[in-house]
Structures are given as C-alpha cells and as structure tokens.
Amino acid sequence: PLRPAVWKIAWPTMLTNIVGGLQGIVDHVLVGNLVGFTANAAIGVAWQIFLVVIVFISSLFTGMSVLVARFAGAGDLDKVDRTVYQAFLTAIGLSFGILAPLGYVLAPSLLDVVNASPEVKAEALPFLRIMFVFGSGMMIFFMLSGALRSAGDARTPMWLGIALTVLNLVFNIALITGVGPLPALGTAGAAWGTVIASGLLGVYALWRLWSGKWVVAFPRSRRDLKPDWEIIRALFRFGLPAGIQGIAMNVGGVLLLAFIGSLAQSAAAQAAYAVVYTQLFSLISWTAYGLMGAAAAVAGQSLGAGKPERA
C-alpha cells in the first residue's frame, strides 16, 4: 500500500536530517561561546555561500535518484549500479576539477558579496576555503544516501547519517576547543571536523560500494568503469532544473545576508540570522525534505514498474 511504502522511506530520512541538524547547532553553541558572535556570523555566511554551490552539484544526485528509482522499479539492477557509478565520477570530477580550485580563489570575493565585516571575513575565509577544497566526502555521502533511498533502502542512510553526526561532533568539539595536544582552531575547527568526518565516511562508503554489500554497488566490469556520456547527460537533463531551482532559492539567502551585512550592527545581525534560520528553522524544512524524497522514490519506482497511476 502506498502510505506504508512512502512512510517506510520517509521516517528514517526525517530522523537522519533532524539528527544531522543537531551537529550544526552544537557548532554554533561552541563557536558562539568560545569565539563570539562573529564566529556565528562567519559560519552562517560561509554555509550560505557553500550551499549555493553544493546544491548545484547535488542536482546531479537528483537526476541520479530519478534514474535509480526507475531502473529499480523495472528490476534492472545493472543500470542502477552503472548510474550510481557515473554520478560518482561526475561529482568527483566537478569537486576536484572545478569546485576546489575556483572556490579557493574566489572565496574572498564571495564574502565581499554578502558584505561580511572584516572581523567576520577573517573567521569565515578559512572555513569556506576548507569546505570548498575538502568537501568531496560530503558529496559522496549525499550521493550514496540518495541512491540507497531511491533503491528502497532508507535505513542504511539513516545509520550512516547518525554515524556521520557522531563523528562530526567528536571532531568538531576536539578541534574547535582544542582537546589534549590538539590546538584550539575555533571557527576553522568546525570546518576541519566536518570534512574529516565526512571524508572517513566517504572512504567507508566507497569500500562498501565496491564490495557489493548494499542494494546498490559499483559495476565490476572494466568496460563499465569508463565515463558513460549518455548516462552523464541524462543526469544533467533530469537534475539541472532542480539545481537551478536550488540555486535561485539559496541566492535569495545570499542576497538577504548581503542586505543584513549593510546594517550598522551587521555581524550581530548575520549571527542571529545564521542561528535562527539556517539551524533552528531547518528542523522544520528537513522534515519536509524527508517526505519529498520518499514521495519521489516511490513515484519513480512505480513509473519504472509501469504503474503510472500509482505514481
């Protein structure tokens, strides 16, 4: 039945998003108390800028999820695996070939766009550059979560998301505050904790995909390990509209931060926006995203199985 089918995928996704959101809240608690509200503002503006880019790359995974759901519904597991692998190749190519070098170079100019004050910019620049250069682990996590959910397995991404949150908290607390021999890195420590945790999880995920332990896997045939431009074009064809929509929505956030940055108490105002909107209010929107992803997975599988009325 449809309602249990959607709920089976939706509740683990919603729980994962809410648990993951706690990590950002803890980051703001730590930097707010240790560094001050300028650090809250720095994380807020850096994340808003980073989101514009990551939402565009994540649109590939929207296209991947559409194809995976349809192929899974049709019972074509070989095409499921090939689609996931091509999405991985494309995301890694974009991350290291475009995102990392351009993000590192353009980070100061992007912070000028949001009218970051000098003290906020000093805290935000290292954070943003670390996320741009070493954010590929996060890409792998987003890709894997979307692929597993579209293939009908929402519990594995849930456990991976909880593990990522725990690792993130441990590394962030250690690197923000400076535990034992580790230096207190403040705002930059939040970025290092995030990329180290997601990088470790990304390595584990790649091993599991290669070993075929999940409902999706990397293809083992050597001919399937090359770029398949037909699949890659399909990823962009299905995912690009979602990417443009996501960019438009998040550019609105950037423009709002730019306006806030023009105010007299800009750092404090940007800090307030970051804490209230990007963290606390997101507990609501993440619930909606869980329902959206579940509906998309079940609809896609139904189309793949030749049951459009069920979709």
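Tutor: Start with Arg-220. It lies over the face of Trp-210, at 4.7 Å from the ring centre. Keep in mind that this is a predicted model.

Student: OK. What about Arg-129, which ring does its charged end sit over?

Tutor: The ring of Tyr-104. The charged end of Arg-129 is 4.2 Å from the centre of that ring.

Student: Now ring on ring. How many aromatic pairs are there?

Tutor: The count comes to 10 aromatic pairs. One of them is Tyr-204 with Trp-207, with 6.0 Å centre to centre and 45° between the planes.

Student: So what do we call the Tyr-204 and Trp-207 pair, going by the angle?

Tutor: Tilted. Stacked needs planes under 30 degrees apart and edge-to-face needs over 60, so 45° falls in the rest.

Student: Where do Tyr-204 and Trp-207 sit in the chain?

Tutor: Both are in helix α7, residues 187-211. They are three residues apart, so about one helical turn separates them.

Student: How accessible are Tyr-204 and Trp-207?

Tutor: Tyr-204 is partly exposed, with a relative accessible area of 36%. Trp-207 is partly exposed too, at 48%.

Student: Next pair. How are Tyr-273 and Tyr-277 arranged, stacked or tilted?

Tutor: Stacked. The centres are 5.4 Å apart, with 20° between the planes. That angle is under 30 degrees, which means the pair counts as stacked.

Student: Which helix holds Tyr-273 and Tyr-277?

Tutor: Helix α9, residues 266-304. Tyr-273 and Tyr-277 are four residues apart there, about one turn of the helix.

Student: And Tyr-273, buried or exposed?

Tutor: Buried, with a relative accessible area of 14%. The cut-off is under 20%, so Tyr-273 qualifies. Tyr-277 is partly exposed, at 41%.

Student: Which residues form a cluster with Trp-47?

Tutor: Phe-50 and Phe-132. With Trp-47 they form one aromatic cluster.

Student: Change of topic. Where is Leu-89, and what does it contact beyond its neighbours within four places in sequence?

Tutor: Leu-89 is in helix α3, residues 77-113. Leaving those neighbours aside, it is in contact with Leu-225, Lys-226 and Pro-227.

Student: How many residues apart along the chain are Leu-89 and Leu-225?

Tutor: They are 136 residues apart along the chain. Their C-alpha atoms are separated by 9.2 Å.

Student: And what is the relative accessible area of Leu-89?

Tutor: It is 26%, so Leu-89 is partly exposed.

Methods
Residues are numbered from 1 along each chain as its sequence is written. This is a predicted model: local features need pLDDT of at least 70, side-chain atom pairs count only at pLDDT 80 or more; totals for chains, interfaces and linings use all residues. Side-chain values use heavy atoms; hydrogens and water are left out. Rings of Phe, Tyr and Trp (its six-membered ring) pair if their centres lie within 6.5 Å; planes under 30 degrees apart count as stacked, over 60 as edge-to-face and the rest as tilted. Helices (H or I, at least four residues) and strands (E, at least two) are DSSP runs, numbered from the N terminus. Buried means under 20% relative accessible area, exposed over 50%, partly exposed in between (1.4 Å probe, protein chains only). A charge sits over a ring if NZ of Lys or CZ of Arg is within 6 Å of the ring centre and within 35 degrees of the ring normal. Contact means heavy atoms within 4.5 Å.
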